Amino acid sequence: MCYVELAIGLRRGKLLGLKWEDIDLERGTIQVRRQIARINGEVVEAPLKTKNSYRSVSIGQDAVQILKDQRRKTYSEYVFPSPTGGLISPDSVLHMLHWVLKQVGLPRIRFHDMRYTFATVALQNGVDIKTVSGMLGHYSAGFTLDTYAHVTTQVQRQAANTMANILSGAVGN
């Protein structure tokens with residue numbers, strides 16, 4: 001679950017809401033169509049809040065393989081079900097994450113920090129802001145830019161240095 005989260009950056013509820021019918025392992029795509037939420041103390045399947053939240057997200061081959069392995073292990077309609085095969089509580093997932101981090105000696109993080117990591121790493125490695133914005137389900141690339149301005153500033157600095165190196169070679173000193 002954590003690998004898939006780091007690979008596509010979904011919000012926790014949307015990741016938990018994935019059903020096998022939403023995933024095309026041959027094409028490497030996921031349709032984001034629902035979320036799992038706690039409403040009035042009950043864990044339920046809920047619609048997404050905005051039209052931009054409904055989207056298709058591409059996944060890499062490593063994530064495809066992990067999902068294929070997950071498919072062989074679960075008999076639920078949900079990709080990441082509870083031990084009984086039903087809805088899993090978003091709080092349970094956070095507790096599991098904290099338990100795993102403690103076992104390997106890493107500090108606690110919020111589940112949302114993996115979404116932040118996805119976006120940061122993507123931007124730092126040259127994925128354009130419009131693509132990252134679409135994958136995150138943001139309503140505009142401007143919102144994504146505002147949220148990750150520090151990353152885009154660093155990428156701009158790298159681009160400036162790259163261009164300086166190219167141009168200094170062309171000028172011939």
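This dialogue covers how to read the salt bridges in a predicted model.

Colleague: Which residues and atoms count here?

Modeller: The model is predicted, so local features need pLDDT of at least 70 and side-chain atom pairs count only at pLDDT 80 or more, while totals for chains, interfaces and linings use all residues. Residues are numbered from 1 along each chain as its sequence is written, and side-chain values use heavy atoms, with hydrogens and water left out.

Colleague: What is a salt bridge, and how many does a search of the whole structure find?

Modeller: Side chains of opposite charge can pair when their charged atoms come close. The cut-off is a side-chain nitrogen of Lys or Arg within 4 Å of a carboxyl oxygen of Asp or Glu. The search finds ten salt bridges. One of them joins arginine 33 and aspartate 22, at 3.0 Å from N to O.

Colleague: Why does the pair of arginine 33 and aspartate 22 tie parts together?

Modeller: Arginine 33 is in the loop between β2 (29-32) and β3 (35-39), and aspartate 22 is in the loop between α2 (12-16) and β1 (23-24), so the parts joined are eleven residues apart in sequence. Helices (H or I, at least four residues) and strands (E, at least two) are DSSP runs, numbered from the N terminus.

Colleague: Is aspartate 22 buried or exposed?

Modeller: Buried means under 20% relative accessible area, exposed over 50%, and partly exposed in between (1.4 Å probe, protein chains only). Aspartate 22 is buried at 2%, and arginine 33 is partly exposed at 37%.

Colleague: Which residue pairs with arginine 34?

Modeller: Glutamate 45, with the closest N and O atoms 3.6 Å apart. Arginine 34 is buried at 9%; glutamate 45 is partly exposed at 35%.
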